[in-house]
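User: I would like to learn how to read the features of a structural model one at a time. Please take me through an example.

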Amino acid sequence: MTEPAGVEAEELVGQSSVWADAWKYLRTNPLFLIGLTVMVVMVAMALFPSVFALGADPTDCDLSMSRRPPSAEHWFGMDLQGCDYYANVIYGARTSVAIGVLTVIGVLVIGVLVGSLAGYFGGWADTVLARITDVFFGIPLFLGALVLLTVSAQRSVWTVSLALVVFGWMTAMRLVRSSVVSIRGADYVLAAQALGASSGRILVRHILPNALAPVLIYATIAVGTFISAEAALTYLGIGLQAPEISWGLQINVAQSLIGSSPHLLFFPALFLSVTVLGFILLGDALRDALDPKRR
Amino acid sequence: MSESPPQSLLQITGLHIEFSVDKKWIPAVRGIDLTLGQGEVLALVGESGSGKSTLAMAVPGLLAANARVSGSIRLAGIELANADEKTLTGVRGDDVGVVFQEPMTAFNPVYTIGWQIVEAIRAHRDVTAEQARERAVELLELVDMPDPATRVDYYPHQLSGGQRQRAMIAQALACDPKLLIADEPTTALDVTVQAEILDLISDLRSRVDAAILLITHDMGVVADLADRIMVMKDGVVVESATAAALFADPQHPYTQSLLKAVPHLGAGRIEVSDVEPPDPQPQMPEPALSFREATIEFKSGPKSTFRAVDGVTLDVGPGEVVGLVGESGSGKSTLGKAAIGLVKLTSGSVSLAGTNITRLSQRGLREPRKKIGVVFQDPGSSLNPRWPIGQAIAEPLALHTSLSKEARQARVEELLDRVDLSRTLRNRYPHQLSGGQRQRVGIARALALEPALVIADEPTSALDVSVQAKVLRLLRELQAEQGFACLFISHDLAVIEELSDRIAVMKSGRLVESGPAEQVLRRPAEDYTARLIAAVPVPDPDEQARRRELRLAEA
């Protein structure tokens, strides 16, 4: 019970909080900084593709140059249509990153909201919400998205993301619900209740920070799944269509040509992997930042 | 330890155990020599972190993967330190039986206890399933399990805590081990059940010829069980002597302080009085907390209900400390929760300082809750692990006052001073503090709003004896200073005695007795209270032996 050194007495300025401490940790965590750099580059690429493409035009094509391998002039080679593949991959970031990010945000919002309400209030609210989730679980992601996209008037990044969110939020809800259920019974929740804290405050301030870790990990990995899901939808003919450029489309076209032109698969897949890796690093760092025992 | 017993069974020499934590080697056991003869009972006593469990678990090689062992552990001539897995598997369960602290978690819930005992037997003996089962029934009989032939097919959850621990001991004895290691075998049990299990262990000494290595933090438990006692602190043995010598004349200052820290129930004779206890003194106009015929029921099945609290009438006057004692399942904690509206009464009423809160909603409870502080049993789990403790202490202020951030911080500093914690700890997280420090944080939070009533639910039962003594002293000082009323809930009569003006005893949801502390402890009106008092282990071998005889004579 001895005081562990009074050295820090000097630097003690004020009361820290969960989020302040988390941010202090993140600022110096190399994994977070790497993940953040990847994210910033990808988002910048999505916003200003022409800068990254170095003036190359993805739609300036020459069929005679079809499927040329990488060269000094065309770093990533040429695609099936004879367009510069480097410019295409760069321009593809916009839709792919947008779909990945939008879908994951949507999934997190719905999953966390529904999951925490069901887990915290229990009883009939839980029964109703859990059964609704089960109904959605029964519908395969692609089948559901297929129906929804077929009836939608236009297919854009927004509608594709919406379709993926509507049929992809259930795992997140299950994860949040089960952690909230286990944390709801914790003594510190009881303690907060005994202090007279309101349900909202208990849920947001006490339970959620403790319950988010599993769903954050899931979400960061799911980004990749959603980006490739867009590719699969495209393959079925209901995703984005030809003039649009996305990694999913590129990977799709490339898979039948992998024997003769592996570079067509390699480059968009590389970009996709790096993006997903960036997300996972961010997710891991965030999880550690929110858990004082791991900091 | 000058001469080793004639037939030494276990010989440990120069044992060092270290754990690798964050790439550093942290020593847990630092150079221990120990000999244990056949049929001897050796007790290892120490507080958490003293290395006593690590030492014991090193014998059957059950340490975590990040441990490093040097030195020698010889059991009947076989070297076990750094032995290969094959040697160890042969020894575990066969030559060495282990009884764990928590029988509920040490048994696999999906198999019957019979199945698990049979598994232990068949791992080492070439017998048929029927023979093994017969042996299992025999073993259960040996440990005085009631109706062993039926109980053998029970699942762990169908047994009571004491019965589970008996089954655990039976399993440990399955292959007639030479050495029985009991790691805090009674810590998780109620005091009357603890007394039964200790009687059993004491009795087993004559029934089986195993040497027993008994690990505990409770001096009272070992008083008349052990032949020799070794006191451990920070990985070294500070004192080693025969039980009689150690209790009569402890040499090392640490042993002395440990003995002194054990809360003593007054040593007076305990007998059931014939006189009816006088009516509780007329209460002051408005008790801080008042239960009237409080009954609480829980749904235990689709149509059945379980009555946790049954018609309890109890008052806690302003500034009065009432100790509520009972064993697990007596409903004492439920009653404590009802006092703050965390559990609703089925019938009867509960009021706080005259305000009837029986039917108030969560919102309606906000106002009365301002005047109550709650200290929970396990400070580790009652503080949000993701909040710095300063924020935790400030929470009641943020909820119920309109203090500015600066004013709140000033108040937090003041509170940290009050509970003797350094202000620099404010930005620490709960896991970075010791158990005692955490409980001080819990107390600071409970006192943040200067409550008129404090509900303390087993506030010290998760703490080491010496830390418990300090926390109790702090609570007593604070109570004297601030004069809050207190409902102090505990299973430990000795702890209750330290603080309480009045004592209320609960059993199976009913209030069996209540009255001034002195009277309840010295002249209890109920048999149950007397039994409860007699079961409290005292760190005095003679007194313990006397009580054991009394108990056995009664049974």
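User: Where does B:Ile229 lie?

Analyst: This is a predicted model. B:Ile229 belongs to strand β9 of chain B, which covers residues 228-233.

User: Is B:Ile229 buried or exposed?

Analyst: The idea is to count C-beta atoms around the residue; 20 or more others within 10 Å make it buried. B:Ile229 has 28 other C-beta atoms within 10 Å, so it is buried.

User: Which residues does B:Ile229 touch, leaving out those up to four places away in sequence?

Analyst: Its contacts are B:Ala43, B:Val45, B:Val222, B:Ala241, B:Ala243 and B:Leu246. For B:Val45, the separation in sequence from B:Ile229 is 184 residues, while the C-alpha atoms are 7.1 Å apart in space.

User: Which value does phi of B:Asn82 take, and where is B:Asn82 placed?

Analyst: Phi of B:Asn82 is near 55 degrees, which is positive although the residue is not glycine. B:Asn82 sits in the loop between β5 (78-79) and α2 (85-91) of chain B. The count is 13 other C-beta atoms within 10 Å, so B:Asn82 is partly exposed.

User: What is phi of B:Asp176?

Analyst: B:Asp176, also not a glycine, has a positive phi of about 45 degrees. The loop that holds B:Asp176 runs between α7 (161-172) and β7 (179-183) of chain B. B:Asp176 has 14 C-beta neighbours inside 10 Å and therefore counts as partly exposed.

User: Now a sheet. What is the strand order in the open sheet of 6 strands?

Analyst: In chain B the order is β16-β17-β18-β13-β19-β20, and the pairing is mixed. At the edges are β16 (372-375) and β20 (510-516) of chain B, each of which pairs on one side only. From one strand to the next, the twist averages 15 degrees.

User: How many bridges join β13 to β19 in chain B?

Analyst: There are 4 bridges between β13 (residues 321-325) and β19 (residues 502-507) of chain B, and the two strands run parallel. One of the residues to look up is B:Leu324, whose bridge partner in β19(B) is B:Ala504.

User: Which strands does helix α12 of chain B lie across?

Analyst: Helix α12 (residues 332-339) of chain B lies across β13, β17 (453-457), β18 (485-490) and β19 of chain B. Relative to β18(B), α12 runs at about 150 degrees.

User: At what angle do α15(B) and α16(B) pack?

Analyst: For a helix pair, take the angle and distance of the axes, then the handedness, then the residues that meet. The angle here is about 120 degrees, and the axes are 9 Å apart. The two helices, α15(B) and α16(B), are therefore oblique to each other. The crossing of α15(B) past α16(B) is right-handed. From α15(B) come B:Gly390, B:Ile393, B:Ala394, B:Leu397 and B:Ala398, and they meet B:Arg408, B:Arg411, B:Val412 and B:Leu415 of α16(B). By class, this contact has 6 nonpolar, 1 polar and 2 charged residues.

User: How many residues does the contact take from chain B and from chain A?

Analyst: The size of an interface is often given as the accessible area lost when the parts come together. Here we use residue counts: 36 from chain B and 30 from chain A. On the side of chain B, the elements giving two or more residues are α13 (362-369), α14 (379-382), α15 (389-400), α16 (405-418) and α17 (435-447). The most comes from α15(B), with 7 residues. This side of chain B divides into 15 nonpolar, 14 polar and 7 charged residues.

User: How many helices and strands does chain A have?

Analyst: Chain A has 12 helices and 0 strands. Its C-alpha trace spans about 80 × 55 × 30 Å along the principal axes. Of its 295 residues, 42% count as buried. Among contacts in chain A between residues at least 6 apart in sequence, 69% join residues at least 24 apart.

How values were computed
Residues are numbered from 1 along each chain as its sequence is written. Chains are lettered from A and ligands numbered from 1 in the order in which they are written. This is a predicted model: local features need pLDDT of at least 70, side-chain atom pairs count only at pLDDT 80 or more; totals for chains, interfaces and linings use all residues. Two residues are in contact if their C-beta atoms, placed from the backbone, lie within 7 Å. Ala, Val, Leu, Ile, Met, Phe, Trp, Tyr, Cys and Pro count as nonpolar, Asp, Glu, Lys and Arg as charged, and the others, Gly among them, as polar. Axes are lines fitted to C-alpha atoms, for helices over the stretch in contact, and angles run from 0 to 180 degrees between N-to-C directions. Angles under 35 degrees count as roughly parallel, over 145 as roughly antiparallel, 65 to 115 as roughly perpendicular and the rest as oblique. A crossing is left-handed if the near helix is turned anticlockwise from the far one by less than a right angle, and right-handed if clockwise. A residue is buried if 20 or more other C-beta atoms lie within 10 Å of its own, exposed if 12 or fewer, and partly exposed in between; C-beta atoms are placed from the backbone. Two strands pair if DSSP finds at least two bridges between them.
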